[in-house]
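Reader: Could we go through this structure together? I should like to begin with a strand pairing and move on from there.

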Amino acid sequence: MTQAEIKLCSLLLQEHFGEIVEKIGVHLIRTGSQPLRVIAHDTGTSLDQVKKALCVLIQHNLVIYQVHKRGVVEYEAQCSRVLRILRYPRYIYTAKTLYNDTGELIVEELLLNGKMTMSAVVKKVADRLTETMEDGKTMDYAEVANTFVRLADTHFVQRCPLVPAAENSDAGPPPPAPTLVINEKDMYLVPKLSLIGKGKRRRSSEEDATGEPKAKRPKHTPDNKEPIPDDGIYWQANLDRFHQHFRDQAIVSAVANRMDQTSSEIVRTMLRVSEITTPSSAPFTQPLSSNEIVRSLPVGYNISKQVLDQYLTLLADDPLEFVGKSGDSGGGMYVINLHKVLGSLATATLESVVQERFGSRCARIFRLVLQKKHLEQKQVEDFAMIPAKEAKDMLYKMLSENFISLQEIPKTPDHAPSRTFYLYTVNILSAARMLLHRCYKSIANLIERRQFETKENKRLLEKSQRVEAIIASMQATGAEEAQLQEIEEMITAPERQQLETLKRNVNKLDASEIQVDETIFLLESYIESTVKR
Amino acid sequence: MASRGGGRGRGRGQLTFNMEAVGIGKGDALPPPTLQPSPLFPPLEFRPVPLPSGEEGEYVLALKQELRGAMRQLPYFIRPAVPKRDVERYSDKYQMSGPIDNAIDWNPDWRRLPRELKIRVRKLQKERTTILLPRRPPKTTEDKEETIQKLETLEKKEEEVTSEEDEEKEEEEEKEEEEEEEYDEEEHEEETDYIMSYFDNGEDFGGDSDDNMDEAIY
């Protein structure tokens, strides 16, 4: 784990889980797998705090544990999973676009709580939806359960590994920690639950008419007494499937940008059909015959078979090689080259970064070197048609930032520098890794700056919150306009302006974080695709 | 540039490689040497591209800020223990400083976690009694008879209504042996004329969670 990643993890954990969890989490990321007592000793926190922090981290799938010999349990943190916290809003928004508010809330609850049983999720989501509905209407559990089942069918949520059923009681003392197992086939199996009920509103406005003190009301609502039917079956959000969806979105929009709407629809159809059949790390999708594609096109698209064939041929002949032809049966078998697509997207990202950072002439040189693979200094000047001095300057600028690298080709065995060719080249993988590292650093900087801005104006923020609370309570008790006006004036105009500026800045910083995270996703997908090969 | 450093010994200005090959012609002015680390905020040559705006961007932004605020309120956000103040104050009795240090606010499924992570929470009940002790007559046993008798006597004296609440509560706690503290502060603790939530020593007024706020939390 690089220092930049560790720093970013530390900031994320601190913001979302507090300092204690952050200390433990970062320690585990730095040092790898460790048992409980060593963690407590090395970090200098009390054993109880460590236990609490570990419970939280395990609940959120950020730390896993393993039983080693002699009954020692070791805990290991997953740095990459911590970095996913940045992407939570994107996951939730995707669920919203696909499955409306219900899906959005389900995914949000699962992400906020790490893992939950289906019944717990359904109940909570129904309650939340009921809050937002008009008075008198409630959300039925069945509807929420339906959406849950659909999410499970499309693999967006999956079961967590289960505790194996304790069959034999003669195994002596129980193991210090359960070994969780999961069967591939069962991962998306929804338990048969008959969830009957409706969402409840919070009883904020319903007081007991008799004035009976609330203490006398039975402490447990009847729900708690019933055994939970799906006890032990926990669900979590399947982040890989979301990543697959983002990747598909990126591919479709790339095709739409490069060609036209219809070809992007064709590619989208191809991706949709091979969603479940293709594993997420495959280099290309399962071959699809053009007949199948015609059948699966969305209803609105009435293009004839011939036109479709022409489009497919065009796509397959494109130099970017998004779509490839793998056979002729069934009217032509076509695949989408996923790894190639990721490579093109990463390259496009690099080009765009060079352009925005160094200018369009630098970008021209960069694209030139990309295309020609290896070029000498003189050749660069000639091909790019840029005067020697400027070309040299730009090349060195890019070289110093590691977008371009030098390749030495010795003429003589003693590698004498005067008798060696020095060629400029772009190594996409290493440039992508470098850029990814920079992205991590940028987000860490953005988060720090945002925290700094908030801390600077802490006093003002608290004051404005107080004023709003006062106004809200006064409005609830029915105060006059004049009084409200007076309270509002407690915040002076320059202070208001300061607040406005602060809000604008914080929004900008947040939006930048989201944007950088998208770049991180592309680069990480690309790097991952090269590693698996 | 290892060659440049190596050439220093032999003769100044002599390099082992051909400068023209790298692109520095004879007599060209070299850039000035760097004597200090690069500035913290170097001036930008080109303005950055504007951020994506529009419905989607705004929605995701609002989601992000809400999420941040929401996660701070969840029980998973562990706050470090409030440091003990030097002198015991009167208001301490009326303030709940959060969960007693060693308990967790939420209930994980203990079957899924290693056994060593489970925190024994018997302390909870003991601590509870110490807090309540000053206000109550000696602890009663779980004997229902006694409790009922006591209830009757207590009913006559209005001041003692509080103890009844506490005893009932304690009984419930001991019977169920649960680790949760569903501690409804305002109703259960003391049924004095002063309802708990109205007591406020002004220290953290306004910093609480928001029921009605639609704004994002920073």
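Reader: Which residue does Lys325(A) stand opposite in β9(A)?

Author: Lys325(A) stands opposite Tyr334(A). Helices (H or I, at least four residues) and strands (E, at least two) are DSSP runs, numbered from the N terminus. This is a predicted model, in which local features need pLDDT of at least 70 and side-chain atom pairs count only at pLDDT 80 or more, while totals for chains, interfaces and linings use all residues. Residues are numbered from 1 along each chain as its sequence is written, chains are lettered from A and ligands numbered from 1 in the order in which they are written, and side-chain values use heavy atoms, with hydrogens and water left out.

Reader: In which sense do β8 and β9 of chain A pair, and over how many bridges?

Author: Strand β8 (residues 323-327) and strand β9 (residues 333-336) of chain A pair in the antiparallel sense over four bridges. Two strands pair if DSSP finds at least two bridges between them. β8(A) and β9(A) form a hairpin with five residues between them, and Gly330(A) in the turn has a positive phi of about 65°.

Reader: What is the strand order in the sheet?

Author: The sheet is open, with three strands of chain A in the order β7-β9-β8 and antiparallel pairing. β7 (288-289) and β8 of chain A stand at the edges with a single partner strand each, so one side of each is left without a neighbour in the sheet. β7(A) pairs with β9(A) over two bridges, and Leu288(A) stands opposite Tyr334(A) in β9(A).

Reader: Changing topic: which residues have the most contacts inside the largest nonpolar core?

Author: They are Leu54(A), Tyr75(A) and Ile365(A), in a core of 124 residues. Such a core is a set of buried Ala, Val, Leu, Ile, Met, Phe, Trp, Tyr and Cys residues joined through side-chain atoms within 4.5 Å. Buried means under 20% relative accessible area, exposed over 50%, and partly exposed in between (1.4 Å probe, protein chains only). Helix α6 (residues 88-113) of chain A gives the largest share of this core, twelve residues. Another core, of 24 residues, lies apart from it and includes Ala250(A) and Leu271(A).

Reader: What does Leu54(A) touch, leaving aside its neighbours within four places in sequence?

Author: Leu54(A) is in contact (heavy atoms within 4.5 Å) with residues including Ile24(A), Leu28(A), Tyr75(A) and Leu117(B).

Reader: And α4(A): how many of its residues are buried?

Author: Twelve of the 13 residues of α4(A) are buried, so the helix is largely enclosed by the rest of the structure. Among them are Lys51(A), Lys52(A) and Leu54(A). The end C-alpha atoms of α4 (residues 47-59) of chain A are 18 Å apart, which agrees with the 18 Å that its 13 residues should span at 1.5 Å a residue; the expected span is 1.5 Å times one less than the number of residues. Just after α4(A), Asn61(A) takes a positive phi of about 60°.

Reader: Is His27(A) buried or exposed?

Author: His27(A) is buried, with a relative accessible area of 13%. His27(A) lies in helix α2 (residues 19-31) of chain A, and its contacts beyond four places in sequence include Gln34(A) and Asp42(A).

Reader: Finally, how many helices and strands are there in chain A, and in chain B?

Author: Chain A has 21 helices and twelve strands, and chain B has seven helices and zero strands. Buried residues make up 48% of the 533 residues in chain A and 26% of the 218 residues in chain B.
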